[in-house]
Amino acid sequence: MKRKRMSLMLGIATFGLLVGGASLHLTSNHPTKVEAASTYEVSFKSARSETSHMADGAIVTDYLNITNNGPATITVTYNRNSAGTHSIFNNSSNEVRLYQGTDGDGGQITIGISAGYIMENVEITTSTNTGLSVNGAESDESSVVTAPLADLTSFYLKNVGTGQVRMSNIKIGYSLSGTGVPDPDPATSVTVSSEGGVTTLKNGRTLQLSAVVLPNTADPSVTWSSSDNNIATVDAEGLVTGVNPGSVTITATSTTPGISGSVTLTVEEAVILDGWETFENHGLTGTSYVSGSYQGDFVQISYAKGRKDEGYNIDGKSLMLGDSAGYIEFTLENGISYIEFEWMKAYTGAGNRGLKVLINGIVDGETALKDENGVIQTFSHTFATPYSGSTVVRIQNATSKQVTIDNIGWVNGPEVTFGTLTSIEVNSDEVNKEYYNGDTIDLSGLLVTAYDEHGNSKIVTDLVTTTPAAGYVFSEADATNGMKAIEVSYTEGGVTRSSSFTVNVTQLTLPTDVVVTIGDTYTGANDSSSAITLSSDIVGIFTSTPTTLLTSVIVQEDEIGQGSRVYYAGVNNSVSDIQPLKLGSGSGKGNIKLVFDDQINISKVTLYAARKTTSGTNVTLQVNNADVQTIGTSGVADPKFAAYVFEGVFYNEIIIRNNTNIAAYLYGLDIEYTTYEEDALAFANDILTGSGANAAGNCSAILNELEAKYEALSELAKLEFETAPGEVFASARARFEYLKAWVALNGGSAVGNNKTATESASSNVIVATIIGATGLAFVAGYYFINKKRRIN
């Protein structure tokens, strides 16, 4: 269980926060004794991140985070602005916020110091400052405002601007006055309390106590003691440790004889938990109530109408439930016999709070209803009838008011002694039930529960057999029947029980690719039910007369045909009635593959296309694996074509796909390409005069770049580079191999990099020998211009 709670004992005498004349003091265990005049610092900021609505003159003790390295008491008074705005402590940066007022009469805080001390200076750090006055001085809009205090015992900060003043820190320097510090008064009472009002603890666990000594001018230090150290011990800071079950009294005694206070605690036998949830992993950050799940400390945690604790945390992170629809739920496979958790009222609005425990949907335990601000409640419950096997535990908000919960712990239920197998229950809700012939059965998500004659249950999913078995491929006969029964069987103790569920199997008509040689006629589906001749229609989609580089066309036998539109406004505007090629709609439809001579490498494809209709979803086209592009705009009267450019490494094949359920019309196509010889020569020159020539100091990176370019070459281009004669190719191959060898031997260092003069000279001899042998001197005469041209 998470036990991170602790109390911070401040190393100062007394902090008093005075509002409207009232003062509440935070005390330490150290006497107020000053040996010599010193200079001290005290600073404070808001201790809360959410809005805190402050009445005029309200006590603000619970809303400040004070740091003080000296013994004085700091007092703070708050006054609203002229408009009565009452939010002073707000936002995630823990800032003190002063709202603007009318004619400079904004919010104000007054800071005072206890007798015997004087304030010397103040420094205010702001994130927003439209005008801040220190003790009536002129407005200062700086991000850091500083001012001398001239030995004052009190001063005020006032918003005199036209917008908010947000102060992230207020730091004050102070020292002893000439009068010194008066001797402490005798104590009249000591009050002992625990964090959250808790009066019980488990043996082996701790509880922090605190003591308040009155009057405020008394020595605040106390001595702690336990009535029975065999039940609980207490240290000098008031930290109690449970030892054995029983009742014990913890006493705090002041330095004034006879004045003490005490609290009675109950130590309970600690329960050895099998699992717990601390909510440290919930990840909630927003202020809206949401539903979700996350992996907890032991189990998967689901929640509904939950949010972050918003400052009403119990121990580290807690989780807040909004109203009666809010709950936390988890499943324990080994049952449950005991549960405990901590909870607390969230927000300060009046009204009872409480929680109830549901096991498998039935209420089996409830907390008492409480309306106590800031009090941590504990709940523990031993179930009269322990639960075995898979058990769903839900802790639900029992009221319409907010509540936070933390530190859930549980003990498993008894082990199930399984009797004679009587039945199995098959839950196939999460199993895929839609297939085509040719698909493989997928049984993931299947949940099988076995039952005995006593109603005991256990999960046996991993032990069942199925007919058909895992890995089964659905046949055309299955698709003809439409439904397929999946039988599930489980055997234990010689007894077999079965159950079944059904899946749907749909006939899949696989598209047939038809390879058509240019000039043939294709009789696939089309708008007019007439055949299209590829020599006139497929070829006709080019913006100019195609060359013999186009060797064949592969079309899919589904919705490739003539389009009904007869306009054309492409590159060649004189052509007004070219019949477009229709690319049909739907998944797997409207695909056409153009195969070109294998000696070329296509790098850019431009399609001239339009939508078939003027309404509906926009059409998208894709060439090979290049980015999808949207065609036309829906709703226009005449969705004429535009040019859509696709760039990539396409080699000698392009597949044009219609990815949507609306047909597209293809009116024209351009390609830009290089030959494999040009690609090989370009790569060789890149090695010799391009990136490969700049490898010094960066060999590994350059080699990686060159190898990636090599892999991108077509197979013919690779063969050309590896076998072509001539000095350029020979030198490039040698340089390429040299770079590989150099990186392998030197880990990527350049010649002479991080080497001694002797080592560098030796390396240079090796380099000169290799390069000289390959005739690198001839490289300077070779240049390459990458040619890109249209089919014509």
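**Strand β15 and its sheet**

I started at Val192 and looked across to β17, where Ala211 stands opposite. This is a predicted model, so I read every position here as a prediction. Which way do β15 and β17 run relative to each other, and how many bridges join them? They run antiparallel, and I noted six bridges between β15 and β17, the latter covering residues 206–214.

Next I traced the rest of the sheet. Four strands make it up, in the order β15-β17-β20-β19, and the sheet is open with antiparallel pairing. I marked β15 (189–194) and β19 (232–234) as the edge strands, since each pairs on one side only. From one strand to the next, the twist averages 25 degrees.

**Tyr312 and Tyr347**

I then turned to the rings. The structure holds 18 aromatic pairs, and I picked out Tyr312 with Tyr347. Is that pair stacked, tilted or edge-to-face? I logged it as tilted, with 4.9 Å centre to centre and 55 degrees between the planes.

Where do the two tyrosines sit? Tyr312 is in the loop between β25 (300–308) and β26 (319–321), while Tyr347 is in the loop between β28 (336–345) and β29 (355–359). The pair therefore ties together parts that are 35 residues apart in sequence.

I also checked accessibility for both. Tyr312 has 14% relative accessibility and counts as buried, because the cut-off is under 20%. Tyr347, with a relative accessible area of 24%, is partly exposed.

Another pair I looked up was Phe721 with Phe729. Their ring centres are 6.5 Å apart and their planes stand at 70 degrees, so I wrote the pair down as edge-to-face. Buried or exposed? Both Phe721 and Phe729 are buried.

These two rings belong to one aromatic cluster that also takes in Phe683, Tyr710 and Phe736. Two of those names, Phe683 and Tyr710, sent me on to the helices they belong to, α2 and α3.

**Helices α2 and α3**

I went to α2 (residues 676–689) and α3 (residues 699–712) and found that their axes come within 11 Å and cross at roughly 175 degrees. That makes α2 roughly antiparallel to α3, because angles over 145 degrees are counted that way.

Which residues make the contact? From α2 I listed Phe683, Asp686 and Ile687, and from α3 I listed Leu706, Lys709 and Tyr710. By type, the residues of this contact divide into four nonpolar, two charged and no polar.

Note on methods: Residues numbered from 1 in each chain as written. Predicted model: local features only at pLDDT ≥ 70, side-chain atom pairs only at ≥ 80, totals over all residues. Heavy atoms only, no water. Axes fitted to C-alpha atoms, helices over the stretch in contact; angles between N-to-C directions. Parallel < 35°, antiparallel > 145°, perpendicular 65-115°, else oblique. Contact = heavy atoms within 4.5 Å. Nonpolar A, V, L, I, M, F, W, Y, C, P; charged D, E, K, R; others polar. Pairing = 2+ DSSP bridges. Phe/Tyr/Trp six-rings, centres within 6.5 Å; stacked < 30°, edge-to-face > 60°. Buried < 20%, exposed > 50% of the residue type's maximum accessible area, 1.4 Å probe, protein only.
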